[in-house]
Amino acid sequence: MQNLYDYKRFAILYVDDEEQSLKQFTRAFRDQFGIFTAVNAQEGLKLLEEHKDEIGLLMTDQKMPGEKGVWLLEKARQLRPRIIRILVTAYADMEVAIAAVNTGAIYKYVTKPWDPPQLENTLRRGLEFFMVQRERDHLLKEKMSVLHNIMIADRIISLGLLAAGLSHHIRNSLVAVKTFLDLAPAKMEEEKMDLNGLRNPDFWKEYYHNVQGQIEKINNMLKDLWTASEKPTFEFSDRVQLRDVVAETLEKLKDAFKARNIKIENRIGDSLPALNVDKPKFYRLFELLLKDEIASLPAGSSVSLTAGLLPGAAAGQQEVQVQISDNGPGLPKEALRLVFDPFVVRSGSPMEYGIHLMACFFIVHHHGGRIDARSEPGKGTTFTLRLPTNPGQVPPMPEEQEFLQKVLLSESLWEKLIASD
């Protein structure tokens, strides 16, 4: 019968202070398994940290000088919860082994002296269990990714329908209002009257310009909503320096910041690598983020922008983290959870909605990145953007890692997800 498992795909780490035992183990099983050995718990932990993606099973003796075997098993569980853990004990340590099993610290325990055929069977079953878990987790991740993409697509479609409906109904109404406003000044001037029947053309002109401004604002909101919802046709052929993008955007908005007496500070350095982006949309991203700050913050507030290169990325897969922080009133948890929804009021004004932030969410998403908000009432709000330097090469970032990890460790929940249509 053909073997379904490659038992050398993931190695076994055996830790024992008796060198003779390590040699016997290696000699007995090196043809069947990949093997690492260590003479104490500290050295075993070091090997586990260095080869954490290569090791599928940890077997350790309990009684060793220094840290005991159960200490290493607990460290391994913290570092790699899925690793298979086996405790080697003498009969005198049986209570320790039973306690470890009962607390979930180990998969199995074996007693010394171990029987090679029986131990080989235990090791095979342990590695099989480890590989099955990995395959299952991979399947769940794929399904979660599909569900996430469906949710994103559904949201885009919903926004598209919403934008189309709003455009049809609101724009038609605005045409009538605008036509009236365009004709009214001439009529009022002809009759030398204002709305109160009095001669006051300055009042009418101010009223006319205010209403025209509100109409333009509504048109721009609809445009942003439509841009956010349209099918992405992003091309990442432009190379930009982040500091330059922010500096140019701040220059464009400097009068608006000045009018609101909001201090803005660009702390982004010029040593960051260039980003491959869709230039018009990327500039629009920072314009919308900063416009949201202007609309949401009280007069006298301050905003700062910082950025840095995230460590640990492979060549060609670098990510830049950008933070936009303010000292405003902050947001309660309920509002923070919905901050990227289009019609959630972030500021105290009902005229300011989250369409800007929704557009930002999709621009970042289509650039292969992620945007999050963190806020506390009275302590300000921080928007954090993670942007790949090359969206075409960086794999999609896992969504909600903490949540996904909890899902993967919940047997009943992942089984329901896998079983659902």
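Guide: Contact here means heavy atoms within 4.5 Å. This is a predicted model, in which local features need pLDDT of at least 70 and side-chain atom pairs count only at pLDDT 80 or more, while totals for chains, interfaces and linings use all residues. Residues are numbered from 1 along each chain as its sequence is written, and side-chain values use heavy atoms, with hydrogens and water left out.

The whole chain comes before the part. Its secondary structure comes to 12 helices and 12 strands, both being DSSP runs numbered from the N terminus (helices are H or I with at least four residues, strands E with at least two). Of the 421 residues, 41% count as buried, where buried means under 20% relative accessible area, exposed over 50% and partly exposed in between (1.4 Å probe, protein chains only). Among contacts with a separation of 6 or more, 71% are between residues 24 or more positions apart. Gln 133 counts as buried because its relative accessibility is 7%.

Two strands count as paired if DSSP finds at least two bridges between them. Strands S10 (residues 319-326) and S12 (residues 381-388) run antiparallel and are joined by 7 bridges, with Leu 385 of S12 as the bridge partner of Val 322.

Axes are lines fitted to C-alpha atoms, for helices over the stretch in contact, and angles run from 0 to 180 degrees between N-to-C directions.

H7 and H8 also pack on each other, at an angle of about 40° and with their axes 10 Å apart. H7 is therefore oblique to H8, since angles under 35 degrees count as roughly parallel, over 145 as roughly antiparallel, 65 to 115 as roughly perpendicular and the rest as oblique. The crossing of H7 and H8 is right-handed. Residues of H7 in this contact include Val 245, Val 246, Leu 250, Leu 253 and Phe 257, and those of H8 include Phe 282, Lys 291 and Ile 294. On handedness, a crossing is right-handed if the near helix is turned clockwise from the far one by less than a right angle, and left-handed if anticlockwise.

Apart from neighbours within four places in sequence, Thr 249 is in contact with Tyr 283, Phe 286, Glu 287 and Leu 290. In the loop between H7 and S7 lies Asn 261, a residue other than glycine with a positive phi, near 55°. Asn 261 is exposed, because its relative accessible area is 54%.

Elsewhere in the chain there is another helix pair for comparison. H2 (residues 41-50) and H3 (residues 69-79) pack at about 15°, with their axes 10 Å apart; they are therefore roughly parallel to each other. Their crossing is right-handed. Among the residues making the contact are Leu 45 and Leu 48 of H2 and Trp 71, Leu 72 and Leu 79 of H3.

Strands S1 (residues 11-15) and S2 (residues 35-38) run parallel and are joined by 4 bridges, with Leu 13 opposite Phe 36 in S2. The chain passes from S1 through helix H1 (residues 19-29) to S2 in a right-handed β-α-β crossover; right-handed means that, with the strands pointing away from the viewer, the path from the first strand over the helix to the second runs clockwise. Finally, a cis peptide bond, with omega about -5°, joins Lys 112 and Pro 113, and Pro 113 lies in the loop between S5 (108-111) and H5.
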